[in-house]
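The exercises below are meant for a reader who is opening this structure for the first time. Each task is followed by a solution that goes step by step.

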Protein chains: 2
Amino acid sequence: MEVPKSHPRYESLTQRGKIEEGVKEGYVALVGMVAHGRGECFDYLMGEKTTNTAEKAERVAAAVLLKAKNPVISINGNVAALCAREVVYLAKSLNAKIEVNLFYWDEEREKRMDAILRKNGADEVYGTNEEFKVKVPNLDSKRGRVDERGIYNADVVLVPLEDGDRTETLVAMGKTVVAIDLNPLSRTAQKASLSVIDNVTRAIPNIRKFSDELDKGEIDYVIEDFNNKKNLKESINEMKNNLDRLSL
Amino acid sequence: MEVPKSHPRYESLTQRGKIEEGVKEGYVALVGMVAHGRGECFDYLMGEKTTNTAEKAERVAAAVLLKAKNPVISINGNVAALCAREVVYLAKSLNAKIEVNLFYWDEEREKRMDAILRKNGADEVYGTNEEFKVKVPNLDSKRGRVDERGIYNADVVLVPLEDGDRTETLVAMGKTVVAIDLNPLSRTAQKASLSVIDNVTRAIPNIRKFSDELDKGEIDYVIEDFNNKKNLKESINEMKNNLDRLSL
């Protein structure tokens with residue numbers, strides 16, 4: 001799909017086109033289109049920009065990921081379609097692993113995900129080798145298996161666009177879960193250790209920027225100074241303010 | 001997709017499954033999935049029920065359609081997937097025509113739409129015969145052609161899930177446009193003569209119910225008593241109140 005750059009909805013339409021391409025290439029599940037539509041709606045209500053509240057959470061996300069011993073970035077089809085290259089950049093900058101996690105798993109999609117991530121510069125992709133897969137509690141086997149070298153032993157997991165069940169499971173396993181989700185009311189956003197309420201295509205490069213900028217000495221303070229519940233409430237307020245603005 | 005009736009999101013997941021089926025059967029465009037996702041989001045913010053505000057608009061919609069001389073219901077892929085049978089019931093109860101209008105037109109999809117509507121009881125389906133198609137102003141030829149026996153000569157057009165351009169064109173052609181749209185801020189909702197902010201699967205049967213109940217003597221009063229702008233503002237307020245409720 002070619003959208004002229006001058007189109008007022010250029011960014012949004014380009015992102016939608018990427019998801020559509022991902023479906024056609026077979027690594028985005030068909031219902032990934034529905035999830036993307038929900039994301040479009042929330043992004044619209046958030047003003048289609050990174051709010052100050054989101055930026056604050058992104059800075060803390062960078063600090064948490066920099067402090068981690070074994071950080072892993074979990075990737076599904078929509079994230080790969082929207083920003084595979086940015087994910088690879090972020091992983092390199094954090095020295096984090098990249099792990100494929102498909103909600104609607106099948107072997108073919110997993111292979112395609114591996115290929116897309118490598119094409120975008122990933123040297124290693126976890127979660128694509130049966131030999132290393134282990135089952136996590138409370139989830140059925142298709143979507144409940146993780147890489148023992150990756151998420152299973154991670155202390156911090158970054159989950160862009162994750163579902164609520166998996167988020168809760170990871171938290172219950174004692175991990176620090178950093179979620180990126182445009183819906184501040186979702187179970188993922190509500191249950192994560194740290195919730196970034198922003199579009200992944202903006203959040204991922206922002207977290208990378210902050211991870212490059214943050215001083216080692218600042219990290220602990222940045223983390224301690226942050227209140228996730230308070231920040232989430234602030235995001236909901238921003239949505240309400242945008243509704244007022246949009247309804248004028 | 002089989003969703004157990006006890007599932008808390010049964011209605012929503014069933015609707016999503018119908019759209020997915022429509023894509024697989026070839027009459028719903030792939031991006032119809034994205035539009036449906038946006039709808040899910042707004043429905044969620046509306047509380048996934050018909051609000052009093054929506055019900056008021058549905059009663060007026062019934063009155064406007066009963067008063068019409070040549071009412072036409074415009075149908076796209078998503079509407080056919082979600083509630084083809086309810087549309088046919090409504091058309092019969094109003095003595096209205098049904099016209100196929102595809103945003104992403106192609107001949108094959110048009111044929112499938114015709115088949116789906118007939119399978120659900122439609123005796124006649126307009127907008128599927130090249131011989132009667134005429135071009136309307138300001139729209140490109142693929143999505144700017146209507147049936148001269150249907151929408152072209154209609155005084156009232158019911159457009160469930162319509163895009164802003166087409167809504168504006170129909171209004172500019174002097175027609176009374178009744179829109180069903182879950183986004184009270186959309187151009188469609190803002191430009192229509194009458195805006196029903198509700199899920200089509202609830203709005204269509206509700207309009208039918210009101211068309212059966214309304215007394216001939218009431219019709220003019222019901223229409224005159226209604227202020228669409230005020231009602232739209234009320235819908236936006238309901239969304240804000242739901243945000244408060246959901247964020248508790």
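**Exercise 1. Find what share of the 248 residues of chain A counts as buried, and describe the overall build of the chain.**

Of the 248 residues of chain A, 57% are buried, where buried means under 20% relative accessible area, exposed over 50% and partly exposed in between, with a 1.4 Å probe and protein chains only. This is a predicted model, in which local features need pLDDT of at least 70 and side-chain atom pairs count only at pLDDT 80 or more, while totals for chains, interfaces and linings use all residues. Residues are numbered from 1 along each chain as its sequence is written, chains are lettered from A in the order in which they are written, and side-chain values use heavy atoms, without hydrogens and water.

Next, chain A contains ten helices and seven strands, which are DSSP runs numbered from the N terminus (H or I and at least four residues for helices, E and at least two for strands). Its radius of gyration is 17 Å, close to the 18 Å from the globule rule for 248 residues, so chain A is as compact as a globular protein of that length; the radius is taken over C-alpha atoms, and the rule is 2.2 Å times the number of residues to the power 0.38.

**Exercise 2. Determine how helix α2 and helix α10 of chain A pack, and which residues make the contact.**

Begin with the geometry: α2 (residues 32-45) and α10 (residues 228-246) of chain A pack at about 75°, with axes 8 Å apart. The two helices are therefore roughly perpendicular, a term for angles of 65 to 115 degrees.

Then list the residues: F42(A), Y44(A) and L45(A) of α2(A) meet M239(A), N242(A), L243(A) and L246(A) of α10(A), contact meaning heavy atoms within 4.5 Å. Six of these residues are nonpolar, one is polar and none is charged.

**Exercise 3. Work out whether N231(B) is buried or exposed, and what surrounds this residue.**

N231(B), which lies in helix α10 (residues 228-246) of chain B, is buried, with a relative accessible area of 7%. Leaving aside neighbours within four places in sequence, N231(B) is in contact with T53(B), K56(B), A57(B) and F226(B). As for T53(B), its backbone oxygen lies 3.0 Å from a polar atom of the N231(B) side chain.

**Exercise 4. State where E48(A) lies and what phi this residue has.**

E48(A) sits in the loop between α2 and α3 (52-67) of chain A, and its phi is near 50°, a positive value in a residue other than glycine. Most residues other than glycine have a negative phi. At 30% relative accessibility, E48(A) counts as partly exposed.

Technical notes. Axes are lines fitted to C-alpha atoms, for helices over the stretch in contact, and angles run from 0 to 180 degrees between N-to-C directions. Angles under 35 degrees count as roughly parallel, over 145 as roughly antiparallel, 65 to 115 as roughly perpendicular and the rest as oblique. Ala, Val, Leu, Ile, Met, Phe, Trp, Tyr, Cys and Pro count as nonpolar, Asp, Glu, Lys and Arg as charged, and the others, Gly among them, as polar. A polar contact is a pair of N or O atoms within 3.5 Å; within protein, one must be able to donate a hydrogen and the other to accept it, and residues adjacent in sequence count only if both atoms are side-chain atoms.
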